[in-house]
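Have the viewer open while you read.

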Amino acid sequence: MIIGFIALLFSCEEPECDKTLRNEAGFAFLTIRDSIETDTLIDAITVRGLARDSLLYDSSANRSAVYLPLDPSKDQSRFIFQMGARPDTLQINYTRDERFISHACGFITRFRMQQATTTHNHFDSVTTVNPLVALNENETHFNIYLSPADTSGL
Amino acid sequence: MKMKHTLIYTFLLLILLVSDATQCLAQQQTSQRQRIRGPRLGVDVSGLVWQFVQPDRLSVSVYGDYEIMPAIFSVAEIGRLQVNRNEPTFNYTSKGYFGKIGADYNFLHNKLEPVARYDMIYGGLRIGAARYKHQASNIMIQNDYWGNYQRGDFSSRTMHAYWMELVAGIRVEALKNFFLGWSIRGQIMVSREKDRRLDTWMIPGFGKAENNTGLSFAYTFSYRIPLTRVPAQSPTFF
């Protein structure tokens, strides 16, 4: 009976959080050639957040997309992409709200994109594909178009 | 395992019921054909058991019933639930009250007379209502790269819930006017308010809010105030 009672008590325990809470923004690399968009692989790309020391991608090879965490404490995130001699800085502006997931997992931030801008060294432009960055697994939210000069050799 | 536990409990209470019945056999022969009537007041101690399992959850409830007709008892219950959960990334608090009203039918009313005249194996119905509020505080958004962000608090929100309950139980007169009881309850949510920002964890008197049906147990101690004596009657129906 004691064993039965203990088993009953343990069956009532609250579960641990059983998911990994990923809410990264996905950036796909594309090239426009003869008015046709094509997915593009980058030979080696290094990405970090502005004013951050640690790298998000370190000379990552053959990437067609990168998935980057947005800053949950500010209404903007800036990333530095290094894929040649000159880096490109990408700035994303958004609004934030916190969404409840579960009592075990807590909250995540949901970001609603407002604007994306980029410098034009290796990047030509950036467009928003899906303005809502919430709980997701490798969704694409932005298309980054590469400058034709950078893709002529690919 | 739950089922085994339930069976053992039921068995123990049945033993109690039978021993009580034989004890009283002699004395009750003389004073038969009269029934003590009076309001019975009790407390549900199952909340104390929960205190050991989940110290962050405090529930208390009291109930009263009265035999309005032979074998039929009107019942009212009130209680309070308080929850304080400290999760790594936020604190959740909730508190509120509930009330239930309904009726029980004693299937033993004629069966054991005049031996154990007040023991009950009963079934009943309740309607339940709760008013409660909850809030989340010290919300932290975890971010390995940019650093964690202290979001602050979600303000408190008050909600209501209404449900139906089916009750089945046993109640034994262990000492004169003093009863021990055990019951199992099946609950069905009829209507409830939700907070879009934050899920309710527990509804007072109902239990876990994530399901629209629930199963709960109650263990009660109660005392009948012996107000009057009435001639014993058979139930008017069943």
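How many bridges join β4(B) to strand β5 of chain B? There are 15 bridges, and β4(B) and β5(B) (residues 91–106) run antiparallel. One pair to look up is L81(B), whose bridge partner in β5(B) is G96(B). Two strands count as paired if DSSP finds at least two bridges between them, and strands here are DSSP runs (E, at least two residues), while helices are runs of H or I with at least four residues, all numbered from the N terminus.

Some bookkeeping before going further. This is a predicted model, where local features need pLDDT of at least 70 and side-chain atom pairs count only at pLDDT 80 or more, while totals for chains, interfaces and linings use all residues. Residues are numbered from 1 along each chain as its sequence is written, and chains are lettered from A, ligands numbered from 1, in the order in which they are written.

**The two chains in brief**

The table uses two cut-offs. A residue is buried if 20 or more other C-beta atoms lie within 10 Å of its own, exposed if 12 or fewer, and partly exposed in between, with C-beta atoms placed from the backbone. Two residues are in contact if those backbone-placed C-beta atoms lie within 7 Å.

| Item | Chain A | Chain B |
|---|---|---|
| Secondary structure | two helices, 11 strands (chain A) | two helices, 12 strands (chain B) |
| Buried residues | 23% of 154 residues (chain A) | 26% of 238 residues (chain B) |

Along the sequence, chain A reads α-β-β-β-β-β-β-β-β-β-β-β-α. Chain B goes α-β-β-α-β-β-β-β-β-β-β-β-β-β.

**Chain B: the barrel**

In chain B, eight strands close into an antiparallel barrel in the order β2-β3-β4-β5-β6-β7-β8-β11. From one strand to the next, the twist averages 25 degrees; axes are lines fitted to C-alpha atoms (for helices, over the stretch in contact), and angles run from 0 to 180 degrees between N-to-C directions. Helix α2 (residues 46–53) of chain B lies across β2 (40–44), β3 and β11 (213–224) of that chain, at about 165 degrees to β3(B).

Most residues other than glycine have a negative phi. A71(B), not a glycine, has a positive phi of about 75 degrees, and this residue sits in the loop between β3 (57–69) and β4 (72–86) of chain B. A71(B) is buried, with 20 other C-beta atoms within 10 Å. N138(B), also not a glycine, has a positive phi of about 50 degrees and is found in strand β6 (residues 120–141) of chain B. N138(B) counts as partly exposed because it has 13 C-beta neighbours inside 10 Å.

**Chain A: the open sheet**

Over in chain A, six strands make an open antiparallel sheet, ordered β4-β3-β6-β7-β8-β10. β4 (55–63) and β10 (132–133) of chain A are at the edges with a single partner strand each, so one side of each has no neighbour in the sheet.

β6(A) and strand β7 (residues 88–102) of chain A share six bridges in the antiparallel sense and form a hairpin with five residues between them.

Which face of β6(A) is covered? In this strand (residues 76–82), S77(A), F79(A) and F81(A) make up the covered face, while Q76(A), R78(A), I80(A) and Q82(A) are on the uncovered one.

**Nonpolar cores**

A nonpolar core is a set of buried Ala, Val, Leu, Ile, Met, Phe, Trp, Tyr and Cys residues joined through C-beta atoms within 7 Å. The largest has 23 residues, and I45(A), V47(A) and L68(A) have the most contacts inside it. Elements giving two or more residues to this core include β1 (25–33), β5 (65–68) and β11 (142–146) of chain A. Leaving out residues up to four places away in sequence, V47(A) touches L55(A), L56(A), Y57(A), V66(A), L68(A), F79(A) and F81(A). A second, separate core has 19 residues, among them L81(B), I139(B), W163(B) and I203(B).
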